[in-house]
Amino acid sequence: MMNLKETATRLNKRFMGADPQVAVTWFVLNYGRKAALSSSLSYEDQAVTAMMCRADKKLARVFTLDTGRQFPEFYNLLDRTQAALGISIEVFFPDYRKIQEMVREHGVNLFYESVELRHLCCQVRKVEPLKRALEGTEVWITGLRRSQSVTRTDMQMVEFDEADGLLKFNPLILWSEEQVKDYVRDNGIPYNPLHDKGFPRGRGHPRRPMVVGKSRPSRVRTPLPLKIDLFRTRTGYPAARSPGRGCTHLPWIRRIAVHIPL
């Protein structure tokens, strides 16, 4: 465990501030398919996917989660990305038995009812499939950026993920949103057309387009003041976050480095 911490410190010192393509290439060539990008097909994840393919398509491993609550545009983009970049993206699904049990007991749209049921929905649709996807992985690659949230301002390019016992590699950690968008468009990388219609996330029901003057979209017809962003806790459940206020800071919460749709 200490060796991984030391490795993370050493690699972060080496690559922090370096060209993301240089860092991505090193990780792909040195870790091969033991390094995996968890992609939600966001701008950031599309950029990192392209960088991994430039390094070595055969060694690049990218996976995504199909939670069963995606927009049609998500599936179209998945096919377009694989065709354009010449890569096969692994798709992981929730356990259908757990989905059936959850829907039978709480209904299809249980996440509207309470924060606790949102926790349950996230656990079944996101956390458990993600755990399966990361089995055997040594480096977890993400599209996280510091400027995405006040909770990420101290994140490093390479970190040790203690809960999962692996390295976490964030190649775009210092990039701005405009840098990411420019990279995607300048290189002809496919992106979700919902972004152009005001959906900043562009993946997964139930969300409205961005409203001018607001920093993030609101959920449809929900009376609850909290939204669920994907967190990992020691019990495996995500944590609630109040829009515009950052995370609910509890000592047992650990933020996981991935954006995955509901």
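Reader: Where does Leu134 lie?

Author: Leu134 sits in the loop between α6 and β4 (139–141). Helices (H or I, at least four residues) and strands (E, at least two) are DSSP runs, numbered from the N terminus. The model is predicted: local features need pLDDT of at least 70, side-chain atom pairs count only at pLDDT 80 or more, and totals for chains, interfaces and linings use all residues. Residues are numbered from 1 along each chain as its sequence is written, and side-chain values use heavy atoms, with hydrogens and water left out.

Reader: Is Leu134 buried or exposed?

Author: Start with the scale. Buried means under 20% relative accessible area, exposed means over 50%, and partly exposed falls in between (1.4 Å probe, protein chains only). Leu134 has 7% relative accessibility, so this residue counts as buried.

Reader: How far apart are the C-alpha atoms of Leu134 and Ala35?

Author: They are separated by 9.4 Å. Along the chain, Leu134 and Ala35 are 99 residues apart.

Reader: Next, the backbone. What is the phi of Leu41?

Author: The general idea first. Most residues other than glycine have a negative phi. Leu41 is not a glycine, yet its phi is positive, about 65°. Leu41 lies in the loop between β1 (35–38) and α3. With a relative accessible area of 3%, Leu41 is buried.

Reader: Now helix packing. How do α2 and α3 pack?

Author: Two packed helices are described by the angle between their axes and the distance between the axes. Axes are lines fitted to C-alpha atoms, for helices over the stretch in contact, and angles run from 0 to 180 degrees between N-to-C directions. Helix α2 (residues 20–31) packs on helix α3 (residues 43–56) at about 60°, with the axes 9 Å apart. That angle makes α2 oblique to α3. The cut-offs: under 35 degrees is roughly parallel, over 145 roughly antiparallel, 65 to 115 roughly perpendicular, and the rest oblique.

Reader: Is the crossing of α2 and α3 left-handed or right-handed?

Author: A crossing is left-handed if the near helix is turned anticlockwise from the far one by less than a right angle, and right-handed if clockwise. The α2 and α3 crossing is right-handed.

Reader: At what angle do α3 and α4 pack?

Author: The angle between α3 and helix α4 (residues 72–85) is about 25°, and their axes are 11 Å apart. The two are therefore roughly parallel. The crossing of α3 past α4 is right-handed.

Reader: On to charges. How many salt bridges does the search find?

Author: Side chains of opposite charge can pair when their charged atoms come close. A salt bridge here is a side-chain nitrogen of Lys or Arg within 4 Å of a carboxyl oxygen of Asp or Glu. A search of the whole structure finds eight.

Reader: Which residue does Arg132 pair with?

Author: Its partner is Glu128, with the closest N and O atoms 2.8 Å apart. Both belong to helix α6 (residues 115–133); they are four residues apart, so about one helical turn separates them. Arg132 is partly exposed, at 29% relative accessibility. Glu128 is buried, at 18%.

Reader: And which residue pairs with Glu177?

Author: Lys181 does, with the closest N and O atoms at 3.0 Å. Glu177 is partly exposed at 41% relative accessibility, whereas Lys181 is buried at 17%. Shared partners also join salt bridges into one network of Arg33, Arg61 and Glu90.

Reader: What about Glu159 and Lys168: buried or exposed?

Author: Both are buried. They form a salt bridge too, the closest N and O atoms being 3.3 Å apart.

Reader: Last topic, rings. How many aromatic pairs are there?

Author: Rings of Phe, Tyr and Trp (its six-membered ring) pair if their centres lie within 6.5 Å; planes under 30 degrees apart are stacked, over 60 edge-to-face, and the rest tilted. The structure holds eleven pairs. Take Phe63 and Phe92: their ring centres are 5.8 Å apart and their planes stand at 80°, so this pair is edge-to-face. Phe63 is in strand β2 (residues 61–65) and Phe92 in strand β3 (residues 90–92), so the pair ties together parts 29 residues apart in sequence. Phe63 is buried at 0% relative accessibility, and Phe92 is buried at 16%.

Reader: Which residues do ring pairs link into a cluster?

Author: Phe15, Trp26, Phe27, Tyr31 and Phe169. Phe169 lies in strand β6 (residues 166–169) and is buried, at 0% relative accessibility.
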